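Hi everyone, thanks for making the time. I'd like to walk you through one model, so please have the viewer open and follow along as I go.

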Amino acid sequence: MSHSNKSAAGSSIARRDADVHKAPVASFEIYYTQVLDQDGELQGPLPEFAQDSSKLIELYRAMVGTRLFDQKAIALQRTGQLGTYASGLGQEATFVGVGTAMRPEDVLLPTYRECGAMFARGVTMTELLTYWGGDERGMDYAGPREDFPVCIPIATHVPHAAGVAYAMKLRRQPRVAVCTLGDGATSKGDFYEAINLAGVLQLPMVLVVCNNQWAISVPRSKQSHAQTLAQKAIAAGIDGEQVDGDDVIAVHERMLAALAKARGGHGPTLIEALSYRMGDHTTADDARRYRSEQELEQQRKLDPIKRLRIYLERSGHWTAQDEEALTVERTAEIDAAVKEYLAIPPPAPESMFDFLYETLPTAYAEQCALSKRTSKDA
Ligand SMILES: Cc1ncc(C[n+]2csc(CCOP(=O)(O)OP(=O)(O)O)c2C)c(N)n1
Ligand SMILES: [Mg+2]
């Protein structure tokens, strides 16, 4: 069909539409929340929790710690002391805002980029380094025992989160399952199935779509034709909203609201946190191959740490000396964790079978026995 034929067909559809009676039956709006803009200027009143400056300082310290850990992890990978690592550079406000809003009894189901949320939950730096060093024991957290391990397969943990939330609901527990996922993950069937269930069963669940504008080399514009990812929630009959994911105050505030709603039995919420992946996808990637330096330059202006620092300094709650002391303190903590991690003896090769199945199928049981014999001989 030629282009002109197409337009003719289009206008005939428009003519036919005008002939029939139609009335709107549903309409929806997606709200966007921002408290602190990129220059550290308040866009409205401070939420109640943020009126306590010590709370803001706690969030700031957590974001700085996350970034320093991230830099160290990349340096360790580059020097052959860590496996592939997925940096959260630029997304610290989202992850810290999410993790710090949860209660200890809630359950976090993260993907691979959210160390800021995991630290807030009580996962240690040593545990995370152990995991990224290729040792599954790093996921056997001493702290948040019921939080889920890092989920590498995209979106497969979203139905798990619905299952966890369903168990909480059946047991009448005032707890919430929080599932963090990427923009790319919202294209998976697992995601749609899980949010449908969350809506139907009115589960105590908060989904945080950490929209960092990229899914490896696929930009947001090629991920979905939908204007927002938050609106995907509407089709599942659940509330969806956007938040400035580089504004830790806004993220923390919207999380508190969604958690309270879920805990009170009023169902799930999907929060799309708009941010940007400032680093490569992982240490196995080179983002210069598919995105421009100009884009990165633009995004650097949105830096979540910079804007809160400006705000804290302007309001007289933070100084250059505080910054210096924080860097020294966090660096020492990270160095101690690295030392501890490097001293852990590597796992036995047969441990790869440990967490696969409750009862190993015969073929694997044989391989496991063989592996045990080989490692004893070695
Ligand atoms: C089921 C599955 N398919 C493909 C991959 C390969 N993969 C790893 S990360 C990724 C992109 C994910 O993008 P997004 O959900 O936006 O998360 P981000 O990495 O940006 O945080 C893909 C396709 C995978 N890990 N799992
Ligand atoms: Mg992404």
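Let's start at I216, which sits in the loop between β5 and β6 (218-219). I216 is not a glycine, and yet its phi is positive, at about 50°. Its relative accessibility is 42%, so I216 counts as partly exposed. For that word, buried is under 20% relative accessible area, exposed is over 50%, and partly exposed is in between, with a 1.4 Å probe and protein chains only.

Before I go further, some housekeeping. This is a predicted model, so local features need pLDDT of at least 70 and side-chain atom pairs count only at pLDDT 80 or more, while totals for chains, interfaces and linings use all residues. Residues are numbered from 1 along each chain as its sequence is written, chains are lettered from A and ligands numbered from 1 in the order in which they are written, and side-chain values use heavy atoms, with hydrogens and water left out.

Back to phi for a moment. Most residues other than glycine have a negative phi. A155 is another non-glycine residue with a positive value, about 70°. You'll find A155 in the loop between α5 (125-132) and α6 (157-170). Is A155 buried or exposed? A155 is buried, because its relative accessibility is 1%.

Now to the metal. Which protein atoms are the donors of the magnesium ion, ligand 2? They are D183 through OD, N212 through OD1 and W214 through O, lying 2.1 Å from the ion. Donors are N, O and S atoms within 2.8 Å of the metal (3.2 Å for Na, K and Ca), and water is not among the atoms, so sites may look incomplete. Along the chain, the spacing of these donors reads D-x28-N-x1-W. D183 is buried, because its relative accessibility is 1%. N212 has 4%, so N212 counts as buried too.

N212 also brings us to ligand 1. Which of the 15 residues around ligand 1 come nearest? Those are Y112, R113, G184, N212 and W214, where being near takes a heavy atom within 4 Å. By class, the shell has eight nonpolar, four polar and three charged residues. In that count Ala, Val, Leu, Ile, Met, Phe, Trp, Tyr, Cys and Pro are nonpolar, Asp, Glu, Lys and Arg are charged, and the others, Gly among them, are polar.

For the individual atom pairs, a polar contact is a pair of N or O atoms within 3.5 Å; within protein, one must be able to donate a hydrogen and the other to accept it, and residues adjacent in sequence count only if both atoms are side-chain atoms. Y112 has a polar side-chain atom 2.6 Å from an oxygen of ligand 1. The side chain of N212 places an N or O atom 2.9 Å from a ligand 1 oxygen. A polar backbone atom of I152 lies 3.1 Å from a nitrogen of ligand 1. On its own, ligand 1 has 580 Å² of accessible area, and the protein covers 70% of that, using the Shrake-Rupley method with a 1.4 Å probe; for residues, only the protein chains shown count as cover.

A few more stops. D303 is in the loop between α11 (293-300) and α12 (304-314). A polar side-chain atom of D303 lies 2.7 Å from the backbone nitrogen of I305. With a relative accessible area of 11%, D303 is buried.

E92, in helix α3 (residues 92-101), is buried at 1% relative accessibility. A320, by contrast, is exposed at 53%, and belongs to helix α13 (residues 320-342).

Last, the overall layout. The chain is divided into domain 1 (28-347) and domain 2 (349-378), with bounds from an automatic or database domain assignment. Their C-alpha centres lie 35 Å apart. R373 is in helix α14 (residues 362-377), and its relative accessible area of 49% makes R373 partly exposed.

Notes: Helices (H or I, at least four residues) and strands (E, at least two) are DSSP runs, numbered from the N terminus.
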